[in-house]
Amino acid sequence: MKKKYNYIWVGLIILIFGIIFVPKVVQRLQDGDVVEHDRISTDPEDKSLAYIELNGEKRKVPSFALLNQDSLLVTDQDYLGKVYIAEFFFTTCPTICPVMNKNLVQLQEEFREFEDFGVASFTINPVYDTPRVLKEYAGKYGITDMDWHLLTGDPEVIYELANAGFNIYAQQMPEVPGGFEHSGLFALIDREGYIRSRVDDYGNPIVYYRGSIPEARGANDAGETEQISLLKEDIRKLLEENDRK
């Protein structure tokens, strides 16, 4: 009988709690007074871009000093204060590079009004791609933005920058068309030199953006969707990010 009385007391306590507190919670919800620490889940509308981390540290663009299409020395410091895209390409590429750079020209035109937007194009065939060759290539593709630098230099430095610095695959491979193989990915970098990206449906950074599929095409033959439209949105977020700080 004692056990039964215990159940009765527990029931009475729950009933009293409901009578006193539930109406207050309902009223707070109606009034919009529930504060952030009252919420159990995170805000699904949070669309801020993630930092890419390695061993618990935010991944930053490594230092570099290379010549551009005008034979001027350009370093990573020249990009500080700008939002920019980094790619690895070569001028004689017969496959994905023409598509990549047409996509970048589209971004150039999309953000032409922004003085703090730029592009860094690193050639993976620097022996052939001299500043003169890069200058001709820029003219051919309509590369006119003063903050779009086509960069060349020591091959070992560039491959170290690609594979270790950015972790964007690039390698000389005589057996493939053009003699070089690379991933066709774009890296998005913020004003402080950090690599940034949106997250997927599971909350993980996508890290890089597919640069070799035209926005108008939608998807390639392998079923991979274009990400230029996403990149446009995310460039704009970073350009506006400084204004919110």
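Contact here means heavy atoms within 4.5 Å.

**Figure 1. Overview of the predicted model.** The protein contains five helices and 13 strands. Of the contacts with a separation of 6 or more, 69% are between residues 24 or more positions apart. Of its 245 residues, 40% are buried. The accessible surface is about 14400 Å², and carbon and sulfur atoms contribute 55% of that area.

**Figure 2. Helix α4, residues 155-166.** The 12 residues of α4 should span 16 Å at 1.5 Å a residue, which agrees with the 15 Å between its end C-alpha atoms. The buried residues in α4 include Ile158, Tyr159, Leu161, Ala162, Gly165 and Phe166. An α-helix has 3.6 residues a turn, so residues three or four places apart point the same way.

**Figure 3. The two ends of α4.** At the start of the helix, a side-chain oxygen of Asp154 comes to within 2.9 Å of the backbone nitrogen of Glu156. After α4 comes Asn167, which has a positive phi, near 60 degrees.

Figure 4. A polar atom of the His182 side chain lies 2.9 Å from the backbone oxygen of Phe88. Apart from neighbours within four places in sequence, His182 is in contact with Phe88, Phe89, Phe90, Cys93, Ile96, Cys97, Met100, Ile124, Tyr169 and Ala170.

Definitions and conventions:
Residues are numbered from 1 along each chain as its sequence is written. This is a predicted model: local features need pLDDT of at least 70, side-chain atom pairs count only at pLDDT 80 or more; totals for chains, interfaces and linings use all residues. Side-chain values use heavy atoms; hydrogens and water are left out. Helices (H or I, at least four residues) and strands (E, at least two) are DSSP runs, numbered from the N terminus. Buried means under 20% relative accessible area, exposed over 50%, partly exposed in between (1.4 Å probe, protein chains only). Accessible areas come from the Shrake-Rupley method with a 1.4 Å probe; for residues, only the protein chains shown count as cover. The expected span of a helix is 1.5 Å times one less than its number of residues. A polar contact is a pair of N or O atoms within 3.5 Å; within protein, one must be able to donate a hydrogen and the other to accept it, and residues adjacent in sequence count only if both atoms are side-chain atoms.
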